[in-house]
Amino acid sequence: SDATISLETLNVDGAMTGLQISGMAGNSGTFAITGDGATANSGGIIQNIATDGVNILNANTSLGAGGPAVSLNFMTINGGEDGIDVTTNDVVSSTVVIADNTIRGDSGAGIDINADGNTVSTLNVTLDRNTITAANNAIDAMTGGIGGALQLSLDSNTLTSTSGAGLNIDGSAAGAGPITITQLEDTTVLGTPGGAGGVLINTALFDATPGDAMIQTVMAGTVTIGSTDNRVAGDGLSLIDVSGEFQIDDLELHNDNGTGLLIDNTNASTTFDFTINDATDGEITTNDGAALSLNLLTADIDLDRIMSTNSDANGVSIQQVDGEIDIDTIDVVAATGTGLFVSDFNADIDIDEVNVNGAAVGIQLVGFAGNTGTFTIDGDGATAGSGGTLQNITTDGVSILNTPDATIQIGRASCRERV
């Protein structure tokens, strides 16, 4: 359609699909449900739906007075499958804005985003201030195998999944088009025992202003993933083969059966700059996994506490990292591998206190020719053991190999040789 359609309220109670919007190349119409914003559900309620609550396919934005092709606001949307499905699979570019809604996908995703168009197609999706619950991923965003691009802006969304991830963004498929994240601010993922991850991002660019000559940092504000009472199951925050610049002002992350913060850019084509500001005592605590695993990035990380319990590998691992890392306290309990492992580093790493109770090696530092990093455990100097305690270690309490410049102060170490 080339019409401009605007509704204040839409109510659907019982249907195969609650609302279906389909376009094609050349269309110039727009569709909006506005709500009045004064009361909950002022945009309407879609419920008792057999398939998708809302299905948006190829909503073209060739004209539309510069506004979004589709805008949904102040609604409650419950889908029997996906809450909302947004797809492009034609030679179209589309802009969709979904804001201030309560969305549920009973058997699928809360919001399922698929950029399956070709190389001249771009799907732009903005998700702001939504509360999203799903059986599968609360937000699932992917690019297909024929080159269509996806641009995402997310702000102040609260996400819950009973068997998937809170947020899953994946551009890793063969031939997939690029994914650019322009905003990912104030994200909350609520923990559930059957979930499969907090925020999982694979193969994406962080750039607040695409098209500019310089990469601009994507500011994340506060990121909350799980809590000590209700942890996210699986990896907490996972960034695989990403590029650009991403900054978190406050990170609170609590997970189990996965890695807390995982960044691995082994296959990334360009560099990644990652910042955590310790605005309000940020921390990562992980049960049954490594709390921190970093590989190939430039970091500026400031955290109050990192804790790993019962990791089947290292408790904390930092490899091939440039920049600065400043952590008040690292606690590792019952790691199968090394409590704190640092390798091939050009970063300046400063830790006030390291406590490892149970590991094959307490602290292991491995350097290579050309490394320029430093490693310091400070302690407060006022009391014995203020730099931490290493105990119940089966081999070396501290192992240092070819490190370019390591300064270590440890208050007390208990090391037991393997029999």
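Let me begin with the surface: the accessible surface of the chain comes to about 15,900 Å², and 46% of that belongs to carbon and sulfur atoms, with areas taken by the Shrake-Rupley method and a 1.4 Å probe. Please keep in mind that this is a predicted model, in which local features need pLDDT of at least 70 and side-chain atom pairs count only at pLDDT 80 or more, while totals for chains, interfaces and linings use all residues. Residues are numbered from 1 along each chain as its sequence is written, and side-chain values use heavy atoms, with hydrogens and water left out.

Turning to the overall form, the C-alpha trace spans about 75 × 45 × 35 Å along its principal axes. The chain has zero helices and 41 strands, where helices (H or I, at least four residues) and strands (E, at least two) are DSSP runs numbered from the N terminus. Of the 419 residues, 55% count as buried, meaning under 20% relative accessible area with a 1.4 Å probe and protein chains only. Among contacts with a separation of 6 or more, 78% come from residues 24 or more positions apart, a contact being heavy atoms within 4.5 Å.

Is S238 buried or exposed? S238 is buried, because its relative accessible area is 6%. Leaving aside neighbours within four places in sequence, S238 is in contact with V199, L200, I201 and L262.

Key: Buried < 20%, exposed > 50% of the residue type's maximum accessible area, 1.4 Å probe, protein only.
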